Amino acid sequence: MEIVLISLLNGLVYGMLLFMLASGLTLIFSMMGVLNFAHASIYMIGAYLAFTVSQVLGFFPALIIAPILCGLLGAAIEIYGLRRVHHNGHIAELLFTFGLVFIIQRGVQMTWGMLPMAYRVPAILDFPLFTVYGANFPAYRGFMLLISAGMLLATWLLLKKTRIGLIIQAALTHPQMASSLGHNVPMVFTIVFAGGCLLAGLAGVIGGNYQTTEPGMAEAMGPIVFVVVVFGGLGSLAGCFIASIVMGVIQTFAVVIDYSFIDFLKPLGISVTADNLLTEILTVPVARIGALLPFAMMILILLFRPRGLLGTRDT
Amino acid sequence: MNGAFGKSWLWIAAVAFALLLPWCFYDFHTARHSGFMLSMLSQMGMMIILALSYNMLLGQAGLFSLCHATFFGIGGYATVHFLNAAGDGDLPLPMEIIPLLGGFSGLGLAIIFGYMATKQRATAFAMITLGIGELMATAALMFHHFFGGEGGVSTNRMIDHSLFGLTYASGVQVYYLILAWTLIATLAMFFLTKTPLGRMANATRDNFERAQFMGYDPRVVRFLQFSLSGLFAGIGGALYAITYEIVTFDALAGPLSANALLMAYIGGTTVFGGPVLGAVLITLLQSGVSLMSNSWLVYVGVLFISMVIFAPSGIAGLIMGHKPILRAGKLGQLVVPYIRVLVPGLLLVLGFVGLVELTSFLTIGAAQGKTLVLGGNKIDVHATMPWLVSAIALFGGGAWLRIEARHFRRVWDGLMADLKSADGKAERVLA
């Protein structure tokens, strides 16, 4: 029971972090039809920038400055890069962001070195928030939940209740009409791309000290975020939210489950003694294949619902 | 097809060159081939197959796949197991046929994954293949029986069973085996582009709705193309296993998939031979530059992005662009403009390389205890001078290049306009 509760809480924290990344990716995708491969790289830059800024000014200024810098970087990428390759089609745009991954990856290593950064949770938030069944729940994770929930609310309000949100929605579904009505659609694109990068940067700031700030963090996070976006249905924010939470919870639960396939077969009187590939698949505990689960789930859902959980359209 | 026919001398020359190349680095004093050159040439062979088979997806069918190394890797792993079985006497097949078995392993897996992935196209297809690639890479580290975990699986290629009585003890025999299979695979892929399937792949790439109206199922076309490209990638992987006698996780993981994409794209996806150029170039760079510099990925990344922005048809596409000018015999008029562009371009590149290397030595190099040496002189990365020189070269070269590029553009457009009006006149005369 205690494991269930703690895993659920941790899964929620991780899921919300995933959502912060995946929501930006989904927004950019549904707007521009571009899947930004460099999204996780922006997340990494956010973490590194937050580390550098927090060394000088402290954590809370970094919480604001680093995402803004990431947003500006995103705007620059859109204006000087994506816009130029836009007329060559979606594949060219995908390739462009794919190339960015290499450059950012190596650029970060060149600027900050190969070793993990000592980016720590700020002292003011470094205490146990409450205790469940003898296990501490760190206050910082509560803070992460707060930030991500606040971000979720703010994005929702911005999209649904403000004028700019209305224009964004209009440009999303009817770009030509919005353009004819005198709205600057390319600028809306830039804003959305920058906004997505800002969210990724924010995720980096709060995720950098929750996980480790090191050059491999983009590579570790990237595929999971893409799985979330595809699992939820490309272009669907609600599906993306559900998928993030599901993935977060499943991944944290998988770590603590020690069962394997063979445990389900045992009641049927089946046991294995041989030593080959099949028995290895049957006897490997869930905890060890945790890293594999998201990809297996994605393939499963695509087999039965090719558009993902809540996706409404093909690409 | 006068294009394909007219180029055949080029292919024959390339093959003859590849046949002779190991002997150019033959050391007559020790009567041995250069091991480094042989392994680099062998690597080129596999990478040519990998890049060409990748281009069956990206260039010919417009599919952006991110799991191509999966099939390369599975071909490699399977070949290790086949070789082990052959060595034990359980598999009575000669060495020359074994790459085909590796290819079939790639084909089998590509059929399974292709069934799932080709349900979608464009972006969704890319995402699914990314998932498949990650799935297989994670699985490779997890299941030790087939993949051997982190250490990989190893074998011995001297199975003592060959059609030509060869032992494959020396690198040069392996090189000729690789060359033969590279040739077979390349020819097969070339003829595939001439079949109805190859044509329909192009059609679904350009306009899948129209292809649908014509009664073809674009999904089936994608599926066939994907499976067949898995077959060829598997052959490449088999050659990898035979050359190195060990296959690890690297042969299957994401970086190799990315490499396949880089080679195909930089070489040029619109021309059949483009990926060959890309594979040769990237392998050369990889063997050369990566020994000298920590930052080789930055260079490749920047090269790739510049190609995406400025030359989406790749190197081969750039070369093909000169064809009409060559035919009109006006290539000479481009020499001076080229030199004028090349000088600031070189300056720009040098400045960029300088800045990257300085930054890199400030952090990574310092951590590894290395110092930057240029022409025998140590360079102090903390001094202002080298940074200033590089920055001036970068920005000065960039500004200069902009001016020269505009001039070049004018000359180029003028030539093209001349050619067009000349063509028009010729047509009018004919009419």
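A residue is called buried when its relative accessible area is under 20%, exposed when it is over 50%, and partly exposed in between. With that scale in hand, we can walk through this predicted model, starting with a pair of charged side chains in chain B. Asp413(B) has a relative accessible area of 37% and is therefore partly exposed, whereas Arg409(B), at 51%, is exposed. Their side chains meet in a salt bridge, with 3.7 Å from N to O, and both residues lie in helix α18 of chain B, four residues apart, which is about one turn of the helix.

A second salt bridge in chain B joins Arg340(B) to Glu404(B), whose closest N and O atoms are 2.9 Å apart. Because Arg340(B) lies in helix α17 and Glu404(B) in helix α18, this pair ties together parts that are 64 residues apart in sequence. Here Arg340(B) is partly exposed at 36%, while Glu404(B), at 9%, counts as buried.

In chain A, Glu78(A) forms a salt bridge with Arg83(A), the closest N and O atoms being 3.3 Å apart; Glu78(A) is buried at 3% relative accessibility, and Arg83(A) is partly exposed at 37%. Over all chains, the search finds four salt bridges.

We can now turn to the place where the two chains meet, a contact that takes 48 residues from chain B and 48 residues from chain A. The area buried between them is about 4300 Å², of which carbon and sulfur atoms give 79%, and the count of salt bridges between chain B and chain A is zero.

Definitions and conventions:
Residues are numbered from 1 along each chain as its sequence is written. Chains are lettered from A and ligands numbered from 1 in the order in which they are written. This is a predicted model: local features need pLDDT of at least 70, side-chain atom pairs count only at pLDDT 80 or more; totals for chains, interfaces and linings use all residues. Side-chain values use heavy atoms; hydrogens and water are left out. Contact means heavy atoms within 4.5 Å. Buried area is the accessible area (1.4 Å probe) that two parts lose on being put together, summed over both. Buried means under 20% relative accessible area, exposed over 50%, partly exposed in between (1.4 Å probe, protein chains only). Helices (H or I, at least four residues) and strands (E, at least two) are DSSP runs, numbered from the N terminus.
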